[in-house]
Amino acid sequence: MLSYTVRRVLQAIPVMLGIVTITFLLTDAIPGDPVSIMLGPSPSAEQAAAIRAKYGLDQPLYVRYVNYLADVVQGDLGRSLYFGEPVTQKIMERLPVTLLLLVSSFTFALATAIPLGVISAKRRNQPTDHVSRVVALMGVSTPSFWIGLLLIIAFSFHLNLLPATDLIMPWADPASVEGASTRWDVLVTAGEHLIMPTITLGTLQMAAVTRIERSAMLEVLNEEYVKLARAYGVGESTILRKHAFRNAQLPVITVVGLQLTQALGGAVLTETVFSINGMGRLIIRAINNQDYELVMGTTIFFGLTFVIGVILTDLSYAYIDPRVTYGERE
Amino acid sequence: MSADEPLLEVRDLKTQFFTAEGTVRAVDGVSFTVEEGEIVGIVGESGAGKSVAASSILRLVEDPGEIVGGEVRFKGETLVGFEEGPDGELRERDEMLSNGEMRGRIRGREIAIIFQDPMESLNPVFTVGGQLQEFIEINRDLGGEEAEQEAIDMLREVGIPEPEARYDDYPHQFSGGMRQRVLIAMALACEPSLIIADEPTTALDVTVEGQILDLVEDLQAKYETSFIWVTHDMGVVAEICDRVNVMYLGEVIEQAEVKDLFYDTKHPYTGALLDSIPRPDETVEELNPIEGVMPEAINPPSGCRFHPRCPHAREVCIEVHPENRVVDGDGTPHRGACLRHEETFMAGYWGSDPLGNETQGETDPELTTDGGGSDE
Ligand code: SF4
């Protein structure tokens, strides 16, 4: 297992290198001149030249590439042209917000989808199954931003129950949170802010996982080893919990891994709908401002998240299925 | 259970599958018995209903299949039993064990099963020892440590080298033959009175098959467990079984002791099965496969179900359906379901016109002339 982990991590290095290279080339190919954005429509020639020299834009492409690569390896993603701050600092500021959103929506999705899928499989073709399948089908076919807008209209404008904008970090200082005096107040406020974005982002995941959980369970319940367990007097609930469940999670993990990367895209939309200052809005602002250092930095960071997602998927796979790491040991 | 009652008695068992295309009568009135310490074979082509018959005994028939009639008695308990209700409908009898009782008292504990495919029968994500131990704990009421010891002993018994070391290995680290040994260990470790082996050697190569058969014979002699051995291979039957039931399209068409079945064959289908056994003195090209494919059990042929393929079929075979009857009462009764046994069936076979099936393919000329009248 350890050598497998190390190998998977090492294999990720060339992938990351590829991501950095492609990001760099694509960003360079974006039409528009960052200098004109920084200095306004008609800068003087000297000003423009000075800026170019300052950011190294006067050098040929390959020199800039090598320099950039060297910086990235050292963890330096450059400076945002728009904010004037280091890109990494900007990312670190926004990252916890997006992470909170992702963790919360995945917790919501998995906590509902796994039991729903299992029950659906167990009561195949019975009313419970039909209801859960219809819900799941609606979930995968409804755009998340639309769900978000509906929630805002219903719960913020009409019912006035939940806040429509922003996220509050549960660990925020009570003094900095409006109307909060204790830690408990902060937690409650944070929860209220989190509910709608979580549902908005998590519904798709929930629906997708429910569907795969159901079909995976149905498939495993048909396996010979499940029949064997039944023939040896093992009770149905033990079969569901033990003999079938673990195997069924293999395809589920693959889907969760894919959803994780898709959810980054979903986070951009959700953050926009709820005006949350996370990574998603950061990347949109970077693109709108042609803040190319920031575009590259956030893109590379999204790429890194993707790679980590894939590695985690593979490792969970190996953890569940002993056949994956087989052949590693001598 | 009275002294002369067999260990297992299956009477007129009927299992049907309700599919969109129609009702498949997979098991259509099958009767047989298993005595203590006996190995009873159920043999036939795939689709004959032999596996369904086997799983019906444990009431493990899967949707859309259902046991619709007949009786299965085991050690004085009614595993399957139907009676006619007031409205004429068949309904389950009161003494028929509940599902909970089947699970708690019968499955594994009294009747264990070995499946065909050793590669698929073990759960890939749990250790071999763990799976064995779990079944022992459930079926012998042993605690974890005792069950583990029992599991290790049993693995040694079935010829797994270094069982202590292999205990924590996963199924994929075992070969097919070794996995089948593990499954045999599972069955024996639960100390059942009856083991149903459903084509347990079909997926194995011939050498390994031989080893497994030897192993089962040794262990059977030692533990005196009864077996129902489901197979399509007459060679396996010859090697291991005491008595045999030959199944065709949901029916038992011949039932006899092994030596009687082989040397005094009473049904043309059995004869054809015997002809299809590879023998050392024949090359593969010379094998006699049975002519034609088995018809579907949705719409079985009228009369004798074998008549479209039977080289001896005559007009009467299309009309009269032969149930198996005792055709030779010497020693253990030999039952057959073929109208050629005129003295038993009295359907006028020899006076009926031949259907001419024998011209369709090459059939054994000896058998054909034999059928021409010497039995009359
Ligand atoms: S009854 Fe007729 S068709 Fe059937 S096996 Fe006998 S001879 Fe053949």
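This is a predicted model: local features need pLDDT of at least 70, side-chain atom pairs count only at pLDDT 80 or more; totals for chains, interfaces and linings use all residues.
## Starting with buried area

Buried area is the accessible area, found with a 1.4 Å probe, that two parts lose on being put together, summed over both. In chain A, domain 1 and domain 2 bury about 1,600 Å² between them, and 76% of it lies on carbon and sulfur atoms. Three residues, A:Arg8, A:Met16 and A:Tyr68, supply 28% of the area that domain 1 of chain A buries against domain 2 of chain A, more than any other three residues.

Residues are numbered from 1 along each chain as its sequence is written, chains are lettered from A and ligands numbered from 1 in the order in which they are written, and side-chain values use heavy atoms, with hydrogens and water left out.

## Chain A as a whole

Of the 330 residues in chain A, 46% are buried (under 20% relative accessible area, with over 50% called exposed and the range in between partly exposed; 1.4 Å probe, protein chains only). Now consider contacts, meaning heavy atoms within 4.5 Å. Among contacts in chain A between residues at least 6 apart in sequence, 72% join residues at least 24 apart.

## The two domains of chain A

Domain 1 of chain A covers 2–73, and domain 2 of chain A covers 92–165 + 196–320 (the bounds come from an automatic or database domain assignment). The C-alpha centres of these two domains of chain A lie 33 Å apart. Where they touch, 20 residues of domain 1 of chain A are in contact with 16 residues of domain 2 of chain A.

One salt bridge is counted between these domains of chain A (a side-chain nitrogen of Lys or Arg within 4 Å of a carboxyl oxygen of Asp or Glu). The side chains of A:Asp314 and A:Arg8 meet in a salt bridge, at 2.3 Å from N to O. On the side of domain 1 of chain A that touches domain 2 of chain A, the elements giving two or more residues are α1 (2–29) and α2 (34–39) of chain A. Here α1(A) gives the most, with twelve residues.

That side of domain 1 of chain A has 14 nonpolar, four polar and two charged residues. For these classes, Ala, Val, Leu, Ile, Met, Phe, Trp, Tyr, Cys and Pro count as nonpolar, Asp, Glu, Lys and Arg as charged, and the others, Gly among them, as polar.

## Where chain B meets chain A

How many residues does each chain bring to the contact? Chain B brings 27 residues and chain A brings 24 residues. The area buried between chain B and chain A is about 2,400 Å², with 63% given by carbon and sulfur atoms.

Two salt bridges are found across this interface of chain B and chain A. The side chains of A:Lys227 and B:Glu62 also meet in a salt bridge, at 3.5 Å from N to O. Between chain B and chain A, nine residue pairs are in polar contact, both at pLDDT 80 or more. A polar contact is a pair of N or O atoms within 3.5 Å; within protein, one must be able to donate a hydrogen and the other to accept it, and residues adjacent in sequence count only if both atoms are side-chain atoms. On the side of chain B that touches chain A, α4(B) has the largest share, four residues. By class, that side of chain B has 16 nonpolar, six polar and five charged residues.

## The two domains of chain B

Chain B is divided into domain 1 (8–245) and domain 2 (249–375). These domains of chain B bury about 1,900 Å² between them, 61% of it on carbon and sulfur atoms. B:Glu45, B:Met234 and B:Val244 supply 33% of the area that domain 1 of chain B buries against domain 2 of chain B, more than any other three residues.

B:Glu45 turns up again in a salt bridge, where its side chain meets that of B:Arg309 at 3.1 Å, N to O. On the side of domain 1 of chain B that touches domain 2 of chain B, β2(B) gives the most, with eleven residues.
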